[in-house]
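The sequence and the structure are placed below for reference.

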Number of protein chains: 2
Amino acid sequence: MSEALMQNTTQQIIVGLGERSYPIDIGAGLLSRTPLFEQLPQQILLLSNTIVEPLYGDKVRAQLQHHTVVTHLIEDGEGAKSFANYEAVMDTLIRHNFNRDCAIIALGGGVVGDLAGFVAATYQRGVAFYQIPTTLLAQVDSSVGGKTAINHAGGKNLVGAFYQPRAVLIDTDCLTTLNARDYACGLAEVVKYGIIADAEFFAWLEAHQNELNQRDAAALTYAIQRSCEIKAEVVAADEREQSVRALLNLGHTFGHAIEAAHYESWKHGEAVAAGTIIAAYLMHQQDRLSSNDFTRIETLLQQLNLPVRAPQMPLERWQTFMQRDKKVQAGVVRLVLPTAIGQACLEPWSDWQALGTAIAAMSHPDAHSPLL
Amino acid sequence: MSEALMQNTTQQIIVGLGERSYPIDIGAGLLSRTPLFEQLPQQILLLSNTIVEPLYGDKVRAQLQHHTVVTHLIEDGEGAKSFANYEAVMDTLIRHNFNRDCAIIALGGGVVGDLAGFVAATYQRGVAFYQIPTTLLAQVDSSVGGKTAINHAGGKNLVGAFYQPRAVLIDTDCLTTLNARDYACGLAEVVKYGIIADAEFFAWLEAHQNELNQRDAAALTYAIQRSCEIKAEVVAADEREQSVRALLNLGHTFGHAIEAAHYESWKHGEAVAAGTIIAAYLMHQQDRLSSNDFTRIETLLQQLNLPVRAPQMPLERWQTFMQRDKKVQAGVVRLVLPTAIGQACLEPWSDWQALGTAIAAMSHPDAHSPLL
């Protein structure tokens, strides 16, 4: 399998959502392709941030010479998903007389994509939206699912809409400029797809960890393609997150607790990796995940430079954070739990003693920072 | 027909939009019905304004005693559809820990409904939305169509979403407190439905103008029901306003020009009435609308206390405002034109000489205010 798949060509997958279906093109050098996207309208807003735009802005605009392109930049980081920036982008669109037949192109990571998508969902009640995700996390996560949002002081992503892009373009060359931590964070989500849905893909990741760590374009194209395919299947079955879509949250309930307690030192993907290990260990303890599968998960995450131990915290602290999870129903935490490589389930969980044991076993006094 | 229809009972119509279909209940005294709506969740935000809430707020909350109800009030008037109020309503929801399983109820006119709907469309990517429109205009216009929005300094309704309510409750008793001008404005839209789509309904309006002017509950129930039915048919055929939905804009291209030039003195419904007369006269001039039909339209609007002459403005001024219309395509104005009572079409129109003649004939030097 892997040889044919590893040829360095452009791959296209279709996210099947009826009349809202759209293509994701993945490959090396796609930013230089003409046209960048099919059937773009005349008026285009390019939304990016002050880190990404200097790297790729000119390249994108060079493909759009026959269009009217206005570039709007936001600052880097989660704080940019604000009401103030939302209104500022609207100001830009209106100041330049953008009409309904315009397009918003997001060039950047998840923050740029979430804000741009929410603007596209709500400018004149909805205009065309295109994504060029430039981080691995955004490529394998935000490209599929239609979640757009901004943050509120009271919590992340509290204001937003489900809104699908018209097309997504993923140029693996963008990953060459990504820092090591953010790159590893993207791989945490890639491993997640293998664990919850595809044992064969997990084995492929094990076999190609060197290529992945070297950011080999062909390996990345396949890893991104398969990740998007798995997420697309799950989302197509459950667009509004009523059921199976929750499986995409493997490691996230624990991970969100780590992020909340240590937001300055832990990144999302790192917290998800440590959370995945806790979920896997809990199942192993209960004889519902084999020792061999547990070890394979732990080993792969380590080899992809991800932390596999959580910071030590009192159980009550975990409990407080985990009770805020959106999957809580009638006060009971619901966990995504791996029962084999390639298989997971969503289960209400009230045995906090067993949970405490698993958390303690998978925590480490020196893991207050994942970089140790 | 009219006698059976005029019985003072509750009428229900269903707006058919597949899985997003919803009922509109219309009748006298519905605000005292228990339950107000079927299957309301526990957490409810009641959004209203400082004029309407003192009149009906207690009545609504009395039907929701087993729910957690938070009331958020905005000021009266179009200025309340602001970014600042949008963010303030979000603050209220988050401060009270509203989760995804909550509902927003709009109690008020079009401004309250538009803001509440946009909040519902975007809080946590969409929560349940219910409408209790209290003005005639909101009852026959905003109840159907799913348009939600806020304003921007650069223009009305530039930020918003298409989002359908779960149910609409119309209590005709609310109209007893409405001022005469706003009441007549609602009737302008009612007459519009007759002109564009239903000659029989138009004749019914002619026959029942006295009952309508007296705000008779049974006559109102039928007039609102038929208006909503007609709008629902049009919207079901064209939810995203790609084609026939434009017919609902009869009188609006001229009307928006009058509103833009005289926003302090002309209300929307008044401007639509004067705009409808210009469109009708243009067709009459071109021998495409009979003299009799033109006179019937003019007479009915007059008898319902609506203006039938526009303020005098230089043709270039009309042109400037009309070119901003959203129906303009490739620089050419497209007009909704009545060709008979019960029938209208959308047509590109570039003969500004004929237009100028019709506008001049239907303008009056003393019509700078519609109240003359």
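**Entry 1**

I looked up the buried area and found that chain A and chain B bury about 2300 Å² between them, with 59% of it on carbon and sulfur atoms. I note that this is a predicted model.

I then asked which residues of chain A lose the most area to chain B. They are F83(A), R125(A) and L158(A), together 31% of what that side buries. For the extent of the contact, I recorded 27 residues from chain A and 27 residues from chain B.

I next checked the polar side of the contact. Between chain A and chain B I found zero salt bridges, but eight residue pairs in polar contact, both residues at pLDDT 80 or more.

I listed the elements of chain A that give two or more residues to the side touching chain B: the helices α3 (83–95) and α4 (110–122), and the strands β7 (147–152) and β8 (155–162). Sorted by class, that side of chain A has twelve nonpolar, seven polar and eight charged residues.

**Entry 2: the second largest pocket**

I looked up the volume of the second largest pocket, which is about 190 Å³. Its lining consists of 13 residues; nearest its centre lie A180(B), R181(B), A184(B), L304(B) and N305(B).

I also asked which element gives the most to this lining. It is helix α6 (residues 180–197) of chain B, with four residues. By class, I recorded eight nonpolar, two polar and three charged residues in the lining of the second largest pocket.

Methods. Residues numbered from 1 in each chain as written. Chains lettered and ligands numbered in written order. Predicted model: local features only at pLDDT ≥ 70, side-chain atom pairs only at ≥ 80, totals over all residues. Heavy atoms only, no water. Contact = heavy atoms within 4.5 Å. Buried area = accessible area lost by both parts, 1.4 Å probe. Salt bridge = Lys/Arg side-chain N within 4 Å of Asp/Glu carboxyl O. Polar contact = N/O pair within 3.5 Å; in protein donor to acceptor, adjacent residues only side chain to side chain. Nonpolar A, V, L, I, M, F, W, Y, C, P; charged D, E, K, R; others polar. 1 Å grid on protein atoms, 1.4 Å probe; cavity = no way out; pocket = protein on both sides within 12 Å on 5 of 7 lines; lining within 4 Å. Points joined across faces, edges and corners; volume = space filled by probe spheres on them.
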